[in-house]
Amino acid sequence: MREATWEEAFAAVAEGLAPVLGRHGGDGVGVVLGNPNVHTVAGALHPRLLIGALGTGNLFTASTLDQMPKHVSCGLLYGDPNAIPVPDLDRTDHLLIVGANPMESNGSLCTAPDFPGRLKALRRRGGTLTVIDPRRTRTAALADRHVAVRPGTDALLLAAMAHVLLEEDLVGLGDLAPRVEGLDRLPGALREFTPEAVAPACDVEPEVVRALARELAAAPTAAVYGRIGSCTVPHGTLASWLVDVLTVLTGNLDRPGGALFPQAATARAPRPAGPGRGFTLGRRHSRVSRHPEVKGELPLAALAEEIDTGTDEGEPIRALVVLGANPVLSAPDGDRLDRALASLDFMVSVDPYLNETSRHAHVVLPPPPPAQSPHHDFALNSLAVRNQARYTRPAVPLEPGRMAETEILARLILAASGAPDADPGTVDATVISRTLGQAVQDPHSPVHGRDPGELAAALTGADGPERRLDLMLRLGPYGDGFGARPGGLSLRELLDHPHGIDLGPLRPRLDEVLRTRSGLIELLPDPIADDLPRLRRALRDRPDGMLLVGRRHLRSNNSWMHNLPALTGGSNRCTLHLHPEDAALHGIADGDPVRVKGAGGEVTAPAEITEAVRRGVVSLPHGWGHDRPGTRTGHASADPGANVNQLLDGTLLDPLSGTAVLNGVPVTLTPAG
């Protein structure tokens with residue numbers, strides 16, 4: 001690895017991609033997007049253009065290690081996979097949290113500044129907080145009721161709660177009644193999931209299940225929030241669906257104090273209410289294991305086999321473009337993926353680190369740090385507990401030789417198109433021209449019938465990405481419509497309000513959101529109904545031995561955080577949590593090295609004996625394992641920890657969403673001393 005000029009680097013990218021594209025076409029190339037892309041302007045504006053330039057269908061993202069089940073369930077229920085209702089934290093009387101620990105991880109599918117403070121405010125105003133989690137997290141410790149469910153059985157527990165609501169005539173749809181289809185079929189679909197039937201699998205007493213359902217129904221307002229612990233399990237999509245089913249059955253969807261749909265300032269302006277095209281799964285399939293495409297993505301757990309396995313369906317992936325991702329640590333069976341990456345003809349990474357994944361890249365393009373980058377929450381504002389908009393220009397100017405991440409991705413798009421020397425400004429200009437051309441022909445647009453050239457000239461901004469942001473704001477739900485709605489949002493308005501603009505609390509807007517083919521909430525869509533027999537089988541299947549769950553720490557949520565000295569140390573350690581009785585049973589003392597073995601391999605970690613986990617459960621944090629050669633993450637490598645995902649072989653997936661099963665996984669323990 002040697003330093004190069006930017007010109008050399010992009011020329012090398014074009015040279016490396018060209019033969020692969022020439023021999024294999026777009027599907028000879030894969031694209032991997034990591035979690036940081038959600039938090040950057042470049043990650044919001046450019047990846048889809050890159051995928052289009054490559055002409056590839058091989059997209060893999062962190063979503064299939066995280067929240068994809070929620071996209072699928074909401075897509076099936078509401079017709080739009082991005083229409084995710086969030087708890088109205090500041091007005092709810094009763095909050096039920098399933099598999100989430102926002103006291104340490106804050107919020108994501110419920111984005112809120114100071115989530116811990118909001119939970120404490122809920123308690124102060126007399127509200128109720130209930131937490132379902134196999135660990136006694138900081139969030140569970142704050143709760144009025146903590147239910148230590150057996151890992152991986154969230155869907156069974158939630159199904160039993162829905163059963164109770166239906167059986168005891170506690171359903172109250174309220175204003176939702178004329179907008180719901182499929183309620184009549186739900187009792188039959190959930191008939192077998194009685195509290196008594198699920199109790200042995202969940203380790204939750206039937207009367208506790210009934211109490212959970214009754215309390216939810218009796219609350220003046222209530223919201224249910226399921227997160228990564230309920231998504232990355234064998235029935236993640238069913239659990240995510242049941243979260244919304246409970247919300248609908250208690251009449252808490254789309255009303256203040258319940259769960260509402262946020263409206264981001266850069267979202268598309270509301271369309272007239274009515275049926276839409278709905279949401280479709282499996283428009284195509286992965287080449288090797290035939291996993292269905294979901295939302296344009298294939299399972300990240302399948303990336304290794306798509307590289308190292310040939311089939312009659314086509315050639316393996318021979319080149320890879322990785323944007324801010326480290327799947328060698330974050331995806332199952334990193335050892336296999338590590339070997340697969342080494343076999344590629346070409347790989348390029350956009351990453352500030354030479355880490356366990358980017359060490360395989362032929363070209364590494366380093367973006368500047370956050371202080372030197374602009375910021376607008378394109379994605380997370382669509383999940384926020386209050387509508388607002390804010391834009392921040394870079395706090396620190398780029399020094400000579402640095403390149404903005406937006407320009408890096410624009411040049412990468414041009415290199416993928418075979419034109420590495422073209423003006424990067426043409427990428428954003430093309431998007432602006434195309435978007436305005438479509439807008440002026442749309443009868444529902446505020447600029448219908450106007451001259452797109454005149455509108456483009458009216459955009460403000462210091463560069464192409466800022467002009468695109470201005471365009472999205474002005475055409476969005478709060479925008480000025482290029483003068484059609486005086487006083488509306490624009491980039492100039494955001495720059496004049498550097499601390500942001502409050503757009504008000506969430507409001508009911510279900511009619512704007514629904515895009516199912518029926519124009520109604522489809523409460524029991526066919527793919528869900530077809531997957532319920534698998535959940536019924538789980539009533540009888542109870543694996544022996546210990547079950548593994550992950551965990552997040554206050555200052556250490558993902559692998560890239562371990563190389564920051566200020567975010568490591570203290571309680572943020574890679575230890576194996578296990579209950580004192582399990583430790584005694586296995587002959588393990590506090591601090592002893594323990595060998596943990598799963599289907600994908602084994603790792604060793606020091607024991608931390610604690611009653612924070614229930615019996616039969618062990619917990620290892622995510623993102624560790626910084627012990628591979630060829631990296632340049634000195635601080636992380638000094639305390640490498642163990643890669644929990646190496647315990648997984650990548651074959652366990654939620655079939656509807658393609659999400660890897662990361663929690664509730666059987667493992668065995670042996671002292672390693």
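In this predicted model, the axes of helix H8 (residues 154–167) and helix H11 (residues 206–218) approach within 9 Å and cross at roughly 60°. Helices are DSSP runs of H or I with at least four residues, numbered from the N terminus, and axes are lines fitted to C-alpha atoms over the stretch in contact, with angles running from 0 to 180 degrees between N-to-C directions. H8 is therefore oblique to H11, a class left for angles that are not under 35 degrees (roughly parallel), over 145 (roughly antiparallel) or 65 to 115 (roughly perpendicular). The crossing of H8 and H11 is right-handed, that is, the near helix is turned clockwise from the far one by less than a right angle.

The contact (heavy atoms within 4.5 Å) involves Leu 157, Ala 160, Met 161, Val 164, Leu 165 and Glu 167 of H8, together with Val 209, Arg 210, Leu 212, Ala 213, Leu 216 and Ala 217 of H11. Of these residues, 10 are nonpolar, none is polar and 2 are charged. Here Ala, Val, Leu, Ile, Met, Phe, Trp, Tyr, Cys and Pro count as nonpolar, Asp, Glu, Lys and Arg as charged, and the others, Gly among them, as polar.

A search of the whole structure found 0 disulfides, a disulfide being a pair of cysteine sulfur atoms within 2.5 Å.

Residues are numbered from 1 along each chain as its sequence is written. Local features require pLDDT of at least 70 and side-chain atom pairs pLDDT 80 or more, whereas totals for chains, interfaces and linings use all residues, and side-chain values use heavy atoms, without hydrogens and water.

Technical notes. Helices (H or I, at least four residues) and strands (E, at least two) are DSSP runs, numbered from the N terminus.
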